[in-house]
Amino acid sequence: MKIQILSEEMASRIAAGEVVERPASVVKELVENSLDAGATEISVWIEKSGTLLIRVTDNGEGMAPEDLALSVDRHSTSKLKEKDDLFHIATLGFRGEALPSIGSVSKTEILSRPHDAPTGHQVRVEGGRKYDVQPAAASFGTTVEIREIFFNTPARRKFLKSPATELSHICDVINRMALAYPKVHFRLHHDGRNVADYAAATAGKDRLQQVLGRDIASRLIPFAWSHGEVAVNGYLSAAPTSFPNTRYLYTFVNRRYVRDKVLTHAVLHGYETLLMKGQYPAVVLFLEIPFSDVDVNVHPAKYEVRFRRQGDVHEAVVNAVRQALKVEAKEPSPHTEWPVSTPFAGVRERSFPYASTVGVTGDGSVRRAAVFSVPVQAAAKQEGFFSSMTILGQIFGCYLVCLSSQGLVLIDQHAAHERIAFEKLRQQLDAGAVEKQNLLIPQMVELSAGESSLLEQKLASLERFGFVLEPFGPATYAITAAPALLAEGDYAQVVREMIAELAEVDKSEKLRQHLEERFATIACHSVIRANRKLENQEMRALLNELDQVEFATQCPHGRPVLLEFSRDDLDRRFKRIV
Ligand code: ADP
Ligand code: MG
């Protein structure tokens with residue numbers, strides 16, 4: 001016989017390989033246990049980046065001696081009682097695997113005392129070998145001490161990165177938990193030094209400040225959105241605040257930190273056309289959905305989840321982000337500070353216009369409007385931010401020089417036109433009726449056999465997007481009409497890209513997104529190029545139109561539409577004030 005059943009010890013060690021990758025994984029599992037035990041104070045004490053010692057102390061409910069004995073056995077958990085519990089997990093842990101796994105690759109000692117117990121107890125496990133539970137002096141709660149992680153698995157130990165890297169992973173773990181549990185006091189000590197001390201937050205932004213720092217926290221605006229059983233809330237940055245990576249992008253599902261493609265994609269999609277390529281926002285996003293709608297049992301470290309209704313989740317997050325950015329663009333929050341680094345000292349890119357009159361909004365379609373919980377501001381008769389400006393003139397054939405109630409404003413007419421053309425197209429796309437214009441000279445597209453058979457079935461959907469195509473010989477089509485707003489352009493190229501997109505996915509949302517991207521590019525190429533003299537009423541019309549569209553402060557590629565110089569900025573540059 002060649003098949004043998006693994007010994008308990010071997011099995012634990014294999015399981016440990018999945019759960020315990022590095023010291024930070026241990027910290028994560030232990031802190032999760034403390035949170036599940038209802039702790040309001042959690043202290044993490046580590047030595048040598050966790051390789052020598054990890055000690056987590058909490059004031060949670062503790063364990064009675066019998067539970068203490070069981071806690072280090074495999075598959076022993078207090079969190080799943082009935083067989084259906086696996087389908088609506090409300091705790092961070094549930095597999096009963098962490099403590100035995102950790103115990104099999106370290107020297108572990110657990111000391112615990114429930115709140116109603118006269119004394120505490122302790123249990124010890126070394127390399128998977130369990131010792132009897134003993135009475136021991138202890139304060140209320142639980143302390144788990146892990147010494148010499150991987151002492152018996154040298155291969156694992158070799159995979160550890162530099163002490164600084166391992167420490168930074170531990171900090172990341174603590175920071176994520178701290179963001180999700182602002183009412184819990186977290187402490188982190190490394191080699192006797194206090195690394196983090198996050199007192200329980202009382203006001204909304206306290207915890208953000210502790211974790212992300214004052215500068216970033218001050219630029220984040222709160223948002224909340226809900227529809228049915230799905231709620232999305234948190235904090236996000238508005239353009240032009242951005243970062244070169246996704247470091248400040250935190251997503252949580254039912255307060256569990258996850259790295260999920262659907263969520264990340266939805267967040268970035270919500271920002272689409274507001275940030276420059278390669279720039280990312282700062283977002284702390286909490287998705288709350290029924291426990292039964294999310295499977296958290298798909299990844300050893302529980303960093304990934306699977307949604308039962310992935311499309312709904314995606315749409316909810318996109319809506320929440322868009323709505324927040326839209327509201328922010330209309331009602332700038334007073335706490336928002338300007339980005340610190342700008343091209344010239346004293347010059348700020350203005351990110352939020354004050355009131356602007358908006359009739360139909362970019363997302364004013366019935367389908368979307370029906371799920372917004374925060375109603376879009378009703379159209380007001382007041383003058384808009386842009387239309388109320390005084391136009392002083394145009395310089396270099398590309399910048400408008402204006403005066404607002406706040407100061408001097410320079411407007412990049414090219415960027416402004418891009419945003420206007422783009423938003424109008426988006427409105428038409430949303431309304432499902434893109435205005436078409438017949439072409440005087442039809443443009444030809446030659447396709448492969450595969451493409452043309454695909455196109456045949458998709459003529460109607462292309463027409464909804466504003467393109468009319470007619471067969472013109474074998475595998476050749478003539479584009480006879482195109483979206484009116486696109487002015488001139490290489491339509492054949494756009495159509496070819498759309499067909500490629502259709503071949504890949506048959507989802508209209510995907511196609512729509514692709515189109516938005518394409519339109520952004522086309523808008524950019526087809527609108528008034530820089531260096532054209534504008535008549536006074538053309539400038540006036542441009543400003544009026546800026547007030548009619550969403551996200552008027554950034555072109556569809558995220559470049560700023562305007563720069564603003566306040567009286568203070570000017571005084572400072574003339575050294576009148578310091
Ligand atoms: P899981 O968290 O998946 O249940 P663990 O191996 O992490 O599995 O923990 C096993 C059990 O030990 C938990 O279900 C819980 O009952 C108990 N436990 C672990 N840590 C603590 C703690 N800090 N406070 C109270 N109970 C704990
Ligand atoms: Mg656990």
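This is a predicted model: local features need pLDDT of at least 70, side-chain atom pairs count only at pLDDT 80 or more; totals for chains, interfaces and linings use all residues.

Is I14 buried, partly exposed or exposed? I get 48% relative accessibility, so I put I14 down as partly exposed, because the exposed class needs over 50%.

Next, the sheet. I traced 5 strands in an open sheet with mixed pairing, and I wrote the order down as β10-β11-β14-β12-β13. Which strands are at the edges? I found β10 (220–227) and β13 (256–258) there, each pairing on one side only. For the twist I have an average of 20 degrees from one strand to the next.

Then I zoomed in on β12, residues 249–253. I see β12 paired with β13 in the antiparallel sense, over 3 bridges. Within this part of the sheet I checked F252 and found Y257 of β13 opposite it.

Last entry: what packs on these strands? I have helix α6 (residues 163–180) packing on the sheet, where it touches β12, β13 and β14 (283–288). The direction of α6 makes about 60 degrees with that of β12. I also logged helix α9, residues 261–270, which lies across β12, β13 and β14. For α9 I noted an angle of about 125 degrees to β12.

Key:
Residues are numbered from 1 along each chain as its sequence is written. Chains are lettered from A and ligands numbered from 1 in the order in which they are written. Side-chain values use heavy atoms; hydrogens and water are left out. Two strands pair if DSSP finds at least two bridges between them. Helices (H or I, at least four residues) and strands (E, at least two) are DSSP runs, numbered from the N terminus. Axes are lines fitted to C-alpha atoms, for helices over the stretch in contact, and angles run from 0 to 180 degrees between N-to-C directions. Contact means heavy atoms within 4.5 Å. Buried means under 20% relative accessible area, exposed over 50%, partly exposed in between (1.4 Å probe, protein chains only).
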